[in-house]
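Me: Hi! I have a model open here and would like to talk it through with you. Could you take a look?

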Amino acid sequence: MSEDSVVNTKFRMLELLSELDEVEIDTIEQWISSLAYRKDLERKKSLQRSEKILINIGNSIKKIVPFEAEMPTEIIAPPTVGDQADCNKTNTCHVDEFLFDEMEVEKLVKKGKLKRHYCTDCNSRNIEDLIYISHSMSRQALQYIFKVLLPSDLEEKQILDIGSRLGAVLYGAYHFSTAGTIVGIEMNKECCDVQQRIIDQFSMDSNRIKVVHSDVMERSDLVANSDIIIINVLDFFMNNEKHKEMWHFFKKHIKKGTYLVCNRSMSDTLDNLDMFEELMDWLSICKPNQLENEIFFDMEDCNELFLYTVN
Ligand SMILES: C[S@@+](CC[C@H](N)C(=O)[O-])C[C@H]1O[C@@H](n2cnc3c(N)ncnc32)[C@H](O)[C@@H]1O
């Protein structure tokens, strides 16, 4: 590290410390002087190494899917209820967060390959922000799920990702957790082919990670046998009737004690579907199991991830 970067690091540290009170400064001082931060630094570097593998996987997927990562055979339509009901073809574009993180999006915008705005009134400055929708979870969200929300001892457990799409959750579970069995279920055949290709290309252990091509509602056995179920919002992929039917199906088949991880609160999801009263006693919200790892995350990026257990 050059002298300049040491000066710059000190500058940044002083900026941060200037926002703290005396008690908080004492805690940080203790963390540094006891050298406890060294262990945390090692763990952070190890997380960064695992993240590099996911970056490589993402780069391979980019070569085999369209830029918007939506398959020709898919029917994807904005929902009619909830916080994304304002999305439409004019104001929304799909930018897959697993494939493109914030920095890459910024580069694509600079190159003109992605736009941030749309014009509501041609030739005027009357523009609006485009809504970016991702159908995959980001690397950051995946690390948070497996390193903070869920327990660390998952060797005997089965994880099921409902609607596994490009496989982001499966690869995250493979590299950030100890889960014994990782299963993705996906109704779109092209998406299943992408996942299988990546599993083979990166020589993942096929006894540990698998993809099942099916509508989840035809595989109650898989749902009932899983200990952890991950559901990224499904609104763009089904109408409200099917969505309601699916939650009834989950209530019937997910076993007691199963962890459910969602990227929208269940009260919002059920409220939007007018099912809150009916299902509110089915789940309990849980505290993260690995709180000691929160220091590795920008919590503002992770406050949309929720952990529940089935009562
Ligand atoms: C929002 S994406 C989730 C992607 C992935 N789980 C992630 O978080 O990165 C939802 C996926 O669910 C799939 N899907 C929707 N309904 C399904 C069903 N009934 N059975 C299986 N897959 C379904 C869709 O094809 C889509 O690929």
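Reply: Happy to go through the strands, a helix, the salt bridges and a surface patch with you. Keep in mind that this is a predicted model.

Me: Great, let's start with β8. Which way do its side chains point?
Reply: In β8, residues 228-231, Ile-228 and Ile-230 point one way, while Ile-229 and Ile-231 point the other way.

Me: Are those side chains buried or exposed?
Reply: All of them are buried. As for the pattern itself, side chains in a regular strand alternate between the two faces of the sheet.

Me: Which strands pair with β8?
Reply: Strand β5 (residues 158-162) pairs with β8 in the parallel sense, over four bridges. Strand β9 (residues 259-262) is also paired with β8 in the parallel sense, again over four bridges.

Me: Switching to helices. How many residues of α5 are buried?
Reply: Nine of the eleven residues in α5 (residues 139-149) are buried, so the helix is mostly covered. Among them are Leu-142, Tyr-144, Ile-145, Phe-146 and Leu-149. Arg-139 is on the buried list too.

Me: Nice. How many salt bridges are there by this rule?
Reply: The count comes to eleven. One of them is between the side chains of Arg-165 and Glu-74, at 2.7 Å from N to O.

Me: Where do Arg-165 and Glu-74 lie?
Reply: Arg-165 lies in the loop between β5 and α6, and Glu-74 in the loop between α3 and β1, so the pair ties together parts that are 91 residues apart in sequence.

Me: And are they buried or exposed?
Reply: Arg-165 counts as buried because its relative accessibility is 4%. Glu-74, at 14%, counts as buried as well.

Me: What does Arg-264 form a salt bridge with?
Reply: Its partner is Asp-83, with the closest N and O atoms 3.0 Å apart. Arg-264 is in the loop between β9 and α10, and Asp-83 in the loop between α3 and β1, so this pair ties together parts 181 residues apart in sequence.

Me: How do those two come out on accessibility, buried or exposed?
Reply: Arg-264 counts as buried, at 5% relative accessibility, whereas Asp-83 counts as exposed, at 56%.

Me: What about Asp-227, which side chain does it meet?
Reply: The side chain of Asp-227 meets that of Lys-255 in a salt bridge of 3.1 Å, N to O. They link distant parts of the chain: Asp-227 is in the loop between α8 and β8, and Lys-255 in the loop between α9 and β9, 28 residues apart.

Me: Why does Asp-227 count as buried?
Reply: Because its relative accessibility is 18%, and the cut-off for buried is under 20%. Lys-255 is partly exposed, with a relative accessible area of 33%.

Me: Last topic, the surface. Which residues form the positive patch?
Reply: Arg-38, Lys-45, Arg-49 and Lys-52 form it. Arg-49 lies in helix α3, residues 36-64.

Me: Why does Arg-49 count as exposed?
Reply: Because its relative accessibility is 52%, and exposed means over 50%.

Terms used:
Residues numbered from 1 in each chain as written. Predicted model: local features only at pLDDT ≥ 70, side-chain atom pairs only at ≥ 80, totals over all residues. Heavy atoms only, no water. Patch = residues over 30% accessible without salt bridge, like charges linked within 9 Å, V, L, I, M, F, W, Y side chains within 5 Å. Areas by Shrake-Rupley, 256 points an atom, 1.4 Å probe, with all protein chains shown as cover. Salt bridge = Lys/Arg side-chain N within 4 Å of Asp/Glu carboxyl O. Lys, Arg positive; Asp, Glu negative; His and termini not counted. Charge placed at Lys NZ, Arg CZ, Asp CG, Glu CD. Helix = DSSP H or I, 4+ residues; strand = E, 2+ residues; numbered from the N terminus. Buried < 20%, exposed > 50% of the residue type's maximum accessible area, 1.4 Å probe, protein only. Pairing = 2+ DSSP bridges.
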